Amino acid sequence: STEPVLSAGGSFASSVPAMPGVLFPLTEKGDRSTTGFSKNVFKAVAESLGCQDLSEAIGKEKDWRQKYDGHLENVVEDLAVMSLIDTAKMSQAMLAGLEKARAMEFEVKEGETVPLATAMASPERKFDAVTVKGTGAAKTEVIVPYHGEQLVGQALDAQCDLWAKVGTIEPGAAAAIKSGAKKLGELKGRTFLVLGASSELGPVRPLLEAGATVVAVMRSSEKRWAELIAFARGSAGTLLAPVPAGKATGSDEELAKAAGADLLSDAPGISEWLLRCGSEASGPVTLCTYLYADGEANVRLTAAADFIAEAAAKKLGKEKLSFAYLVSGSTSHLISEEAVRAQEEIFASGSNFWSKAVGQRVNCAASPQGAKLWAAHKSGEPATYHFFRGLANLQGPNYAVAQYMRQWRAVLLHMEGFAVSTPLTPNCRTESVVHNATMRVLLEGMSYWKPMESFDADTARMVMLAILITDLVEPVAKPPSPMQIFGLKAFHSGLWRCPFQVASLGVSTWILGKVAPRPKPVGFE
């Protein structure tokens, strides 16, 4: 079978074949179409918000693959509007979308399926945990690799201040990295349940180095498990690996051969195992969802992960459990007035002639759709919110469904009182992105447009770890809208403060990236 690339921020990965396990539901035609499925998810949200016209437009769309993004931008903006007006109604709409998105089937064996909800509700014990204890000294400070340097202490603080000043990250991200980097030692004694332990941006190895316990879900791969087990042995942490129940593993070599769990085919068993490990943990527990697979498999993975998140919240409770996600920059969000002012300032003083000649200005004002919903509830008041429309059409509707499912669950958990870490991630040179030649070149030309910058995975992983630390050990922030939790500490690569639509600069970016790659933005050299 084909091994999926699991990552947090990538755009492309190898395909995952159909197999027994989580399946899209059968349609009336007898197939398992994803087009009607994704339409139904967003129609449900629109209808719950009272936007029947938007639901009908989605239902009538004939060219869904090429025009889905416009419809989804409208749905997400309407959710954002409702989050500023009536959070209960926003929550109901998110739950309506999740209900449709989770309405999948589970093939318990070939030819025999049950609703996924049924399979997840009564999981059997399928895995035991094998413990790998490290013998190393715990690290107490986050070190960020950046263009050949190892940023720590004052050097890291200065770089964060520069990123924030230029507009590559939000000020809250700079403050969080500076604070969190000094608190790595506070992760010792914590337990992290990690879905997608092979994620390039996920912090599994630095968590082990800090002395934390990592309960790792990753598919079977003797090479990858052997590498992770060897790393854990040399760290200060503890690794818990899943093996088939009753399987004896005397050596690390035997463990590497036996370890592994597939979320698509083993979702109920993984849920039971993770909740058992979480219940047995003596200290705080964080459920981390760092999953990615290409195409429709991304949605199936996310549906299974969402059932696990829901079950963990009920079983472990908010006093013990917290959650961690990594949010793609290729999604749409409420942004601050300060970010919009920065767009104007950069256009006036920081943009070169060519970007003004070819770039299309970004518009974060209320759309007609959003303004109509606002007016229906705030008669006579102008729509004063700012909304960044970040969907990239090339990602496809399945990518969008998976991303928004996680975001909706993060918002709902936040509203229930759980600590939820869910910051935006930067544009990254992850393996799952750079194996696509076009994307690889585009990333090398991005820094020509102030304040944009793309990052190596090693850099992004460590700055996101520092942000995660603050979300776990510092007081939980309460923004005006629960949908603003994604932006408080957004490390967005400059997307939110760039005055141009990035897509309008695409050809120029590719040419510059090909002919004269620029690793750092103007003024950073």
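This is a predicted model: local features need pLDDT of at least 70, side-chain atom pairs count only at pLDDT 80 or more; totals for chains, interfaces and linings use all residues.

Biologist: Is valine 515 buried or exposed?

Modeller: Valine 515 counts as exposed because its relative accessibility is 67%. Together with Val507, Trp510 and Ile511, Val515 makes a nonpolar surface patch of about 410 Å².

Biologist: OK, switching to charges. How many salt bridges does the structure hold?

Modeller: There are 26. One of them pairs arginine 102 with aspartate 306, at 3.0 Å from N to O. That pair links distant parts of the chain, 204 residues apart: arginine 102 is in the loop between helix H4 and strand S2, and aspartate 306 is in helix H12.

Biologist: And are those two buried or exposed?

Modeller: Both arginine 102 and aspartate 306 are buried.

Biologist: What does lysine 126 pair with?

Modeller: Aspartate 266, with the closest N and O atoms 2.8 Å apart. Here the partners sit 140 residues apart, with aspartate 266 in helix H11. Lysine 126 is partly exposed at 42% relative accessible area, whereas aspartate 266 is buried at 13%.

Biologist: What about glutamate 337 and arginine 341?

Modeller: Their side chains form a salt bridge at 3.6 Å, N to O. They are 4 residues apart in helix H13, so about one helical turn separates them.

Biologist: Last one: what does the side chain of arginine 300 contact?

Modeller: The side chain of glutamate 296, in a polar contact at 2.7 Å. Arginine 300 is in helix H12 and is buried, with a relative accessible area of 2%.

Notes. Residues are numbered from 1 along each chain as its sequence is written. Side-chain values use heavy atoms; hydrogens and water are left out. Patches are made of residues with over 30% relative accessible area and no salt bridge: like charges are joined within 9 Å, nonpolar side chains (Val, Leu, Ile, Met, Phe, Trp, Tyr) within 5 Å. Accessible areas come from the Shrake-Rupley method with a 1.4 Å probe; for residues, only the protein chains shown count as cover. A salt bridge is a side-chain nitrogen of Lys or Arg within 4 Å of a carboxyl oxygen of Asp or Glu. Buried means under 20% relative accessible area, exposed over 50%, partly exposed in between (1.4 Å probe, protein chains only). Helices (H or I, at least four residues) and strands (E, at least two) are DSSP runs, numbered from the N terminus. A polar contact is a pair of N or O atoms within 3.5 Å; within protein, one must be able to donate a hydrogen and the other to accept it, and residues adjacent in sequence count only if both atoms are side-chain atoms.
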